[in-house]
Each structure stands twice: as structure tokens, then as C-alpha cells.
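Morning, everyone. I have one structure to walk through today. Have a look at it first, then we'll go through it piece by piece.

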Amino acid sequence: MYSNPAAPAAAGVGAGTLAATGAGDLFWFALAAFALVALGLAVKRIVPVRTK
């Protein structure tokens, strides 16, 4: 079980591929930007607004 490197290697293929191509950083920056925009919109939605 522990001497077979196939299972851990298969689990790390996605992350390793993104890191090896250099596109992984761009993916993570885009994902972080999306999460921050979504967080901002969610906070804006729950904050009460005074109407005139």
C-alpha cells in the first residue's frame, strides 16, 4: 500500500500540471479575484442601506 507511488502521483497530477506550466499562478489569481468580488457583492447585499 505505501510502496505503490501510483495513487499519490495520480492525486497530484492536476496541481502539478498547473504548477509546471506556469498557468497555475494565473488560475489562482483569477480564482482569488473572483472570490474577492463575490465576497464584496455579498457584503454589499447584506449591509442595510438608508433610503431618502
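Three helices, zero strands. From the N terminus on, the order is α-α-α. Keep in mind that this is a predicted model.

Next, burial. How much of the protein is buried? Of its 52 residues, buried ones make up 2%. The exposed surface comes to about 4,900 Å². Carbon and sulfur atoms supply 73% of that area.

Now helix 3. It covers residues 23-46, which is 24 residues.

On to the surface. Which residues form the nonpolar patch? They are Leu-36, Leu-39, Val-43, Ile-46 and Val-47. Together they have about 500 Å² of accessible area. Leu-39, one of these, lies in helix 3. A general point on spacing: an α-helix has 3.6 residues a turn, so residues three or four places apart point the same way.

Last, the aromatics. The count is one aromatic pair. Phe-27 and Trp-28 make up that pair, and the geometry is edge-to-face. The ring centres are 5.0 Å apart, with 70° between the planes. Why edge-to-face? Because the angle is over 60 degrees.

And how accessible are the two partners? Phe-27 has a relative accessible area of 40%, so it is partly exposed. Trp-28 is at 51%, so Trp-28 counts as exposed. The cut-off for exposed is over 50%.

That's my tour.

Technical notes:
Residues are numbered from 1 along each chain as its sequence is written. This is a predicted model: local features need pLDDT of at least 70, side-chain atom pairs count only at pLDDT 80 or more; totals for chains, interfaces and linings use all residues. Side-chain values use heavy atoms; hydrogens and water are left out. Rings of Phe, Tyr and Trp (its six-membered ring) pair if their centres lie within 6.5 Å; planes under 30 degrees apart count as stacked, over 60 as edge-to-face and the rest as tilted. Buried means under 20% relative accessible area, exposed over 50%, partly exposed in between (1.4 Å probe, protein chains only). Helices (H or I, at least four residues) and strands (E, at least two) are DSSP runs, numbered from the N terminus. The expected span of a helix is 1.5 Å times one less than its number of residues. Patches are made of residues with over 30% relative accessible area and no salt bridge: like charges are joined within 9 Å, nonpolar side chains (Val, Leu, Ile, Met, Phe, Trp, Tyr) within 5 Å. Accessible areas come from the Shrake-Rupley method with a 1.4 Å probe; for residues, only the protein chains shown count as cover. A salt bridge is a side-chain nitrogen of Lys or Arg within 4 Å of a carboxyl oxygen of Asp or Glu.
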